[in-house]
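Visitor: I have a structure to look at, and some labels to question. Please show it first.

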Amino acid sequence: MHIVLVHGAGGTPTTWSEVTPLLTAAGHAFTLVTNPMTSLEDDVAHTLAVAEGAGEPVLLVGHSYGGAVITNVGRAPIVKGLVYVAAFAPDEGETVNGIVERYPPAGVSKYMRRGPNGEWKSEHTDEYWAEIGWDVPVAQRGVWDAESRQSDNRIFTQPTGTPAWRTKPTWYLVAAQDRTLSTEIQRDMAKRANAITSEVPGSHFTPRVRPADVVALIETALAAL
């Protein structure tokens, strides 16, 4: 089975830089997606093309906003299962913004900045790292800052279609001290999706700070499928 790894808002494939060596060592085939982040619709189309190009059954793995992407791509017949890593798992008609607005603002909200065309990017100051990503090694922070991209507002405001988690086997890894996508939201979405759920300590940067746990959940999903 082929693993397709989907980054979150503002992200790049380096989201998975600590995960991929472990997958390679274990002999797993995978592809890293680089989405345009111009709209949810565009990102779904791009990821779907990647999944269908794998030529074999696919396990989708999404981090953060990438969860909204895999929720929609997962309807494709080639997709056999979904793994959410501290990720959005919207229901039909929901938007990313609509989900977070139902809860108290997360700590990251004070570091979000809007660009001239309505796009979003987080401001990675020393204060940001101390509060939001305290457990990310300093060397990795520089890479994240250098490669971070802006995200069009439409990735947060376009609604989800019928969620794949209604019909596809689903796993969820909750980040227990997440100050970007609050842990409460994660637990609620995982429960609603009837996902097989596990929880690890740490910030929202789960693929970077808990890569072994991410790979362990992926391998659990692969074994079940």
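**Labels and their cut-offs**

Guide: S64 has its place in strand β3. Strands (E, at least two residues) and helices (H or I, at least four) are DSSP runs, numbered from the N terminus. This is a predicted model, where local features need pLDDT of at least 70, side-chain atom pairs count only at pLDDT 80 or more, and totals for chains, interfaces and linings use all residues. Residues are numbered from 1 along each chain as its sequence is written, and side-chain values use heavy atoms, with hydrogens and water left out.

Visitor: Why does S64 count as buried?

Guide: Buried means under 20% relative accessible area, exposed over 50%, and partly exposed in between (1.4 Å probe, protein chains only). S64 has 12% relative accessibility, so S64 counts as buried.

Visitor: What is the phi of S64?

Guide: Near 55°, a positive value in a residue other than glycine. Most residues other than glycine have a negative phi.

Visitor: Which loop holds M37?

Guide: The one between β2 (30-32) and α2. M37 is not a glycine, yet its phi is positive, about 55°. M37 counts as buried because its relative accessibility is 2%.

Visitor: Which residues of α2 are buried?

Guide: L40, D43, V44, T47 and A51. They cover an arc of only 100° around the axis, so they sit on the same side of α2. The arc is that of the directions from the helix axis to the C-beta atoms. The face turned away from the buried side of α2 carries the exposed residues E41 and G53.
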